[in-house]
Amino acid sequence: MPPRPKAPRADVIALLQEGRSDKYIGRTLRTSPMRVARIRADLDLPRYQHAVVSLEQAWAARTQPTTDGHLLWHGFHREGIHPVLKHQGAEHSARRLAFRIAHGREPEGHVMAGCGLRECVHPRHVEDQPMRDQLRTQLDTIFGAAA
């Protein structure tokens, strides 16, 4: 394997001052992350700390608003169907997170989009089982139980 080119020290320092990681700088400048770490130590800069992003921030970063008021999921889909957020080594249902964001409580049963757009994860559009049961009861009261 050919040796990596030696990126100018000034370029490494510029990225270190931006707060980038040794691995990021190594990849970007095609140099050794160990060299970057040595330059970091020479400059007495602290080790890189990963930015801690909250679960809600990670969720919001993977949503895309539509022009008609929905939020679509642009993250991982388990089995190609279920929107899932992978965060700090755990998987979280995107719809259950949306429900928690909107209602401040854990949902009961399956969480589904109540707006009619199955792909929607908008916090105001998702419903848990008790909400669907309550709606069904109200509709039965208004229109009468189905015969």
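Predicted model: local features only at pLDDT ≥ 70, side-chain atom pairs only at ≥ 80, totals over all residues.
Figure 1. Pairs of aromatic rings, by contrast, are absent: a search of the whole structure finds zero of them.

**Figure 2. Arginine 20 also takes part in a salt bridge with glutamate 18.** The closest N and O atoms of glutamate 18 and arginine 20 are 3.4 Å apart. Arginine 20 has a relative accessible area of 33% and is therefore partly exposed. Glutamate 18 counts as exposed, because its relative accessibility is 52%. This salt bridge belongs to a structure that holds seven of them.

**Figure 3. Arginine 100 and glutamate 106 form a salt bridge.** In this pair the closest N and O atoms are 2.9 Å apart. Arginine 100 is partly exposed at 29% relative accessibility. Glutamate 106 is likewise partly exposed, with a value of 45%.

**Figure 4. A salt bridge joins the side chains of arginine 105 and aspartate 128.** The N to O distance is 3.0 Å. Arginine 105 lies in the loop between α5 (94-103) and β6 (112-113), while aspartate 128 lies in the loop between β7 (126-127) and α6, so the pair ties together parts that are 23 residues apart in sequence. Are the two partners buried or partly exposed? Arginine 105 counts as partly exposed, at 32% relative accessibility. Aspartate 128 counts as buried, because its relative accessibility is 0% and the cut-off for a buried residue is under 20%.

**Figure 5. Helix α6 contributes leucine 135 to a nonpolar surface patch.** Helix α6 covers residues 129-143. It has 15 residues and reaches 21 Å from its first C-alpha to its last, close to the 21 Å expected at 1.5 Å a residue. Leu135, Leu139, Ile142 and Phe143 make the patch, which has an area of about 440 Å². Leucine 135 is partly exposed, at 39% relative accessibility. After α6 comes glycine 144, whose phi is positive, near 85°.

**Figure 6. Aspartate 44 and glutamate 79 have positive phi angles although neither is a glycine.** Most residues other than glycine have a negative phi. Aspartate 44 has a phi of about 60°, and its place is in the loop between α3 (33-42) and α4 (55-61). With a relative accessible area of 70%, aspartate 44 is exposed. For glutamate 79, phi is also positive, at about 60°. Glutamate 79 belongs to the loop between β3 (76-78) and β4 (82-87), and its relative accessible area of 65% makes it exposed.

**Figure 7. Threonine 31 is a buried loop residue.** Threonine 31 is found in the loop between α2 (22-29) and α3. Its relative accessible area is 3%, and it is therefore buried. Where does lysine 6 stand in relation to threonine 31? The two residues are 25 residues apart along the chain, and their C-alpha atoms are separated by 6.0 Å.

Figure 8. Glycine 114 is situated in the loop between β6 and β7. At 42% relative accessibility, glycine 114 is partly exposed. Glycine 75 is located in the loop between β2 (71-73) and β3. Its relative accessibility of 25% makes glycine 75 partly exposed.

Note on methods:
Residues numbered from 1 in each chain as written. Heavy atoms only, no water. Patch = residues over 30% accessible without salt bridge, like charges linked within 9 Å, V, L, I, M, F, W, Y side chains within 5 Å. Areas by Shrake-Rupley, 256 points an atom, 1.4 Å probe, with all protein chains shown as cover. Salt bridge = Lys/Arg side-chain N within 4 Å of Asp/Glu carboxyl O. Helix = DSSP H or I, 4+ residues; strand = E, 2+ residues; numbered from the N terminus. Buried < 20%, exposed > 50% of the residue type's maximum accessible area, 1.4 Å probe, protein only. Expected span 1.5 Å × (residues − 1). Phe/Tyr/Trp six-rings, centres within 6.5 Å; stacked < 30°, edge-to-face > 60°.
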